[in-house]
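Here are my notes on this model.

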Amino acid sequence: MTVEDNLVHHIGSEYRGSPAILVIASEETAVAHNEIRDIPHNGIVITGGERARGTQVIGNLVERSMSALMDGGGIYLSAPQGSSFAGGAVVRGNVIRDVLTSYNFGLYADYGAAWITVVGNIVCRADTPIVLQVGPPLENVAFVGNFWDVLPDGYDDPPKTVTVAGNTVLPKESFDEAIKADPAAADILARAGRCV
């Protein structure tokens, strides 16, 4: 299944807990190059289970999520996403900006999330770009080569089965300019969102 090149905005006026895109226990699903903005809860939700594997969340632009509710994020993943990194979820090349209410996160892996590779994303203006301490704990999750405007909470002491490496913190005050000045980050920014 592919969910691609959609514009989703101003949803959830009555049902505020509605994510813009929801994928449940799906195999080999691609959520790519969507533009999501001005929503009351999570932008993209990927939840696992025994049948989940091979989900790819690539090149999406999520702006102004979590405008009404708390405890969510621009992209939210929960539960195992397969049984290995090779068959697990990949979250790559997404841009998440302005996660609005408090206690909200950019890329949020939660409730025993496992077998997820989070690589080459941009997160700015969230309480923390990623979450490292959740219950049940994360297992086999890798956060590599991302760009954000603050160090994540718990960055110095991640869980033993979580990799946090090669990420770049750019100045919060001039983050948008710094992204454009960094060739790798500028490329991520240019490719995120709809292709139309």
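Where does Asp-71 lie? Asp-71 is in the loop between strand 8 and strand 9. Please keep in mind throughout that the model is predicted.

1. Asp-71 deserves a look at its backbone. Its phi is near 65 degrees, a positive value in a residue other than glycine. Most residues other than glycine have a negative phi. Asp-71 counts as partly exposed, because its relative accessibility is 32%.

2. Ala-79 also has a positive phi, of about 70 degrees, and is not a glycine. Ala-79 sits in strand 9. With a relative accessible area of 18%, Ala-79 falls under the 20% cut-off and is therefore buried.

3. Next, a peptide bond. The one from Gly-135 to Pro-136 is cis, with omega near -15 degrees. Most peptide bonds are trans. Pro-136 belongs to the loop between strand 14 (128–130) and strand 15 (139–144).

4. Now the rings. A pair of aromatic rings is described by the distance of the centres and the angle of the planes. The count of aromatic pairs comes to four. One of them joins Tyr-76 and Tyr-108, edge-to-face, with 5.0 Å centre to centre and 90 degrees between the planes. Tyr-76 is in strand 9 (residues 73–80) and Tyr-108 in strand 12 (residues 105–119), so this pair ties together parts that are 32 residues apart in sequence. Both Tyr-76 and Tyr-108 are buried.

5. Why does the pair of Phe-85 and Trp-115 count as edge-to-face? The planes of the two rings stand at 85 degrees, with the centres 5.2 Å apart; the cut-off for edge-to-face is over 60 degrees. This pair also links distant parts of the chain, 30 residues apart. Phe-85 is in the loop between strand 9 and strand 10 (89–92), and Trp-115 is in strand 12. Phe-85 is partly exposed, at 34% relative accessibility. Trp-115 is partly exposed too, with a relative accessible area of 21%.

6. Which residues form one aromatic cluster with Tyr-76 and Tyr-108? Tyr-103 and Phe-105 do.

7. Last, Glu-63. Its place is in strand 8 (residues 61–65). Is Glu-63 buried or exposed? Glu-63 is buried, because its relative accessible area is 13% and the cut-off is under 20%. Leaving aside residues up to four places away in sequence, Glu-63 touches Ile-36, Arg-37, Asp-38, Arg-97 and Asp-98.

Note on methods. Residues are numbered from 1 along each chain as its sequence is written. This is a predicted model: local features need pLDDT of at least 70, side-chain atom pairs count only at pLDDT 80 or more; totals for chains, interfaces and linings use all residues. Side-chain values use heavy atoms; hydrogens and water are left out. Helices (H or I, at least four residues) and strands (E, at least two) are DSSP runs, numbered from the N terminus. Buried means under 20% relative accessible area, exposed over 50%, partly exposed in between (1.4 Å probe, protein chains only). Contact means heavy atoms within 4.5 Å. Rings of Phe, Tyr and Trp (its six-membered ring) pair if their centres lie within 6.5 Å; planes under 30 degrees apart count as stacked, over 60 as edge-to-face and the rest as tilted.
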